[in-house]
Amino acid sequence: MAPSNGMASHDEDSILEILYANFGCFALLTAHKLQLFRVFEAGALTVSEAAKRLNIAERPAELLLTTLTAQRLITKMGDRYALASLAQQYCLESSPTYLGGMLDFAVATHAMCTVENLETCARTDRSLAYGSGDAFREHAEDIARARVFTHAMHCQSIAPAMMWPKRLDLSNHKMMLDIAGGSGAHAIGALQQWPEMRASVFEMAPVNGFVREYADKYSLSGRLTAVLGDMWKDPYTPADLHFYSQVYHDWTEEKCRFLTEKSFASLPSRGRIVIHELLLDSDKSGPRLPTLMGMVMLLWTEGRQYSGLELSELLESVGFVGVHTERTLGSWGIVTGVKP
Ligand SMILES: C[S@@+](CC[C@H](N)C(=O)[O-])C[C@H]1O[C@@H](n2cnc3c(N)ncnc32)[C@H](O)[C@@H]1O
């Protein structure tokens with residue numbers, strides 16, 4: 001029955017779901033910490049069996065399993081719970097798209113994600129990063145932290161990195177420069193799809209030094225290298241494909257324009273630029289995931305999420321032609337153009 005005060009009954013759930021949404025995130029992270037997904041890898045379990053294997057009481061086991069079921073990470077048949085395909089894809093170490101490094105990073109940094117910190121960022125229009133200034137520069141002084149961040153990014157990037165290279169014809173491109181490419185996840189995706197191409201990751205120290213490990217892991221050491229460089233100061237090494245993933249969202253519009261102009265100047269004629277991001281819709285009313293990533297940017301960086309329209313206009317204004325935007329996996333998408 002409709003409530004008599006004229007409010008739609010679903011409004012009540014909507015507002016409370018928003019209020020309690022962080023517990024949905026914590027359910028996933030707690031399950032990850034308890035190694036719940038690994039416990040279910042061998043097959044379906046009842047609450048009581050799962051509790052025994054997790055070495056926790058039945059009450060928390062049931063609470064977690066119920067929440068994960070509502071989140072579609074777990075399925076329920078009768079009184080038995082099993083891994084849903086979402087958890088098989090992203091929560092099992094054996095999966096090529098395992099998100100574990102990013103889940104670990106979320107656990108390690110969640111103490112920074114407070115309302116007080118976000119309120120300060122909103123009031124001052126400055127990020128907290130790890131405490132001050134540019135988080136990436138601080139990585140130069142803390143190799144362990146840089147390694148953890150790079151691995152977290154790798155885990156999040158590897159699934160979309162397998163998709164966008166299938167959507168573009170890169171057969172005429174010989175050398176990809178994965179600028180601020182972290183582990184080189186996207187270069188790895190591109191090289192797997194385009195066997196004639198080579199790639200180089202343009203990165204700061206110490207991240208440039210990690211690329212070799214990832215190249216070895218994916219058996220690409222002959223085709224994937226790293227170049228040490230600061231994208232604000234150092235010239236780009238020769239390449240006919242410039243790629244930026246989750247780079248523009250770290251920086252202001254002025255700095256994004258600088259990078260776009262720098263790529264335009266450095267690419268040869270027919271060279272291509274690809275910008276890969278969680279793209280906002282043109283009217284910036286969603287999708288939800290890029291808007292949430294925007295809140296992450298408020299906390300950690302000076303940037304924001306951009307819409308495909310904003311990035312296309314930027315590319316066209318700098319001189320790129322044939323500019324187009326395409327969603328490639330969920331809200332991930334590319335904006336690409338060619339130098340005439
Ligand atoms: C959000 S991560 C994106 C990594 C990768 N492109 C991906 O999508 O997985 C941003 C990267 O920018 C790199 N970076 C930041 N400032 C840089 C600079 N001035 N020159 C080169 N790389 C930089 C960082 O080291 C970090 O790996």
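This is a predicted model: local features need pLDDT of at least 70, side-chain atom pairs count only at pLDDT 80 or more; totals for chains, interfaces and linings use all residues.
## Exercise 1. A helix across the sheet

Solution. Step two: take the direction. Step three: classify the angle. Angles over 145 degrees count as roughly antiparallel.

## Exercise 2. Parallel and antiparallel pairs

Task: Is the pairing parallel or antiparallel for β3 with β6, for β7 with β9, and for β8 with β9?

Solution. Strands of a sheet pair through backbone hydrogen bonds, in either sense. Step one: take β3 (residues 175-179) and β6 (residues 241-245). They pair in the parallel sense, over three bridges. Asp178 stands opposite Phe243 in β6.

Step two: move to β7 and β9. These strands run antiparallel, joined by seven bridges. Ile275 stands opposite Val335 in β9.

Step three: finish with β8 and β9. They are antiparallel, with six bridges. Here Thr325 stands opposite Val335. Val335 therefore faces Ile275 and Thr325, and its strand β9 (residues 332-338) is largely enclosed by the rest of the structure, because six of its seven residues are buried.

Step four: inspect the hairpin of β8 and β9. Two residues lie between the strands. Gly330 takes a positive phi near 55° in this hairpin.

## Exercise 3. Ser200 and its contacts

Solution. Step two: check its accessibility. The value is 4%, so Ser200 counts as buried. Step three: list the contacts, leaving aside neighbours within four places. Ser200 touches Met175, Met176, Leu177 and Asp178, along with Thr225, Ala226 and Val227. Ser200 and Tyr90 are 110 residues apart in sequence and 27 Å apart in space, C-alpha to C-alpha.

## Exercise 4. Two packed helices

Task: Describe how α9 (residues 143-161) and α10 (residues 185-193) pack.

Solution. Two packed helices are described by the angle between their axes and the distance between the axes. Step one: the angle is about 25° and the axes are 8 Å apart. Step two: the limit for roughly parallel is under 35 degrees. Helices α9 and α10 are therefore roughly parallel to each other. Step three: the crossing is right-handed.

Step four: name the residues that meet. From α9 come His154, Ser157, Ile158, Pro160 and Ala161. From α10 come Ala185, His186, Ile188, Gly189 and Ala190. Step five: sort them. Six are nonpolar, four are polar and none is charged.

## Exercise 5. The buried side of α6

Task: Which residues of helix α6 (residues 100-109) are buried, and what covers them?

Solution. Step one: list the buried residues. They are Gly100, Gly101, Met102, Leu103, Phe105 and Thr109. Step two: look around them. The cover includes α1 (9-33), α5 (85-90), α9 and α13.

## Exercise 6. Backbone exceptions

Task: Find cis peptide bonds and residues that have a positive phi without being glycine.

Solution. Most residues other than glycine have a negative phi, and most peptide bonds are trans. Step one: check omega. A cis bond joins Ala205 and Pro206, with omega about 5°. Pro206 is in the loop between β4 (198-203) and α11 (211-217). The bond from Gly286 to Pro287 is also cis, with omega near -5°. Pro287 lies in the loop between β7 and α13 (288-300).

Step two: check phi. Arg72 has a positive phi of about 65°. It lies in the loop between α4 (58-70) and β1 (74-77). Gln246 has a positive phi of about 50°. Its loop runs between β6 and α12.

Step three: check accessibility. Arg72 is at 67%, so it counts as exposed. Gln246 is at 5%, so it counts as buried.

Conventions:
Residues are numbered from 1 along each chain as its sequence is written. Side-chain values use heavy atoms; hydrogens and water are left out. Axes are lines fitted to C-alpha atoms, for helices over the stretch in contact, and angles run from 0 to 180 degrees between N-to-C directions. Helices (H or I, at least four residues) and strands (E, at least two) are DSSP runs, numbered from the N terminus. Angles under 35 degrees count as roughly parallel, over 145 as roughly antiparallel, 65 to 115 as roughly perpendicular and the rest as oblique. A crossing is left-handed if the near helix is turned anticlockwise from the far one by less than a right angle, and right-handed if clockwise. Contact means heavy atoms within 4.5 Å. Ala, Val, Leu, Ile, Met, Phe, Trp, Tyr, Cys and Pro count as nonpolar, Asp, Glu, Lys and Arg as charged, and the others, Gly among them, as polar. Two strands pair if DSSP finds at least two bridges between them. Buried means under 20% relative accessible area, exposed over 50%, partly exposed in between (1.4 Å probe, protein chains only).
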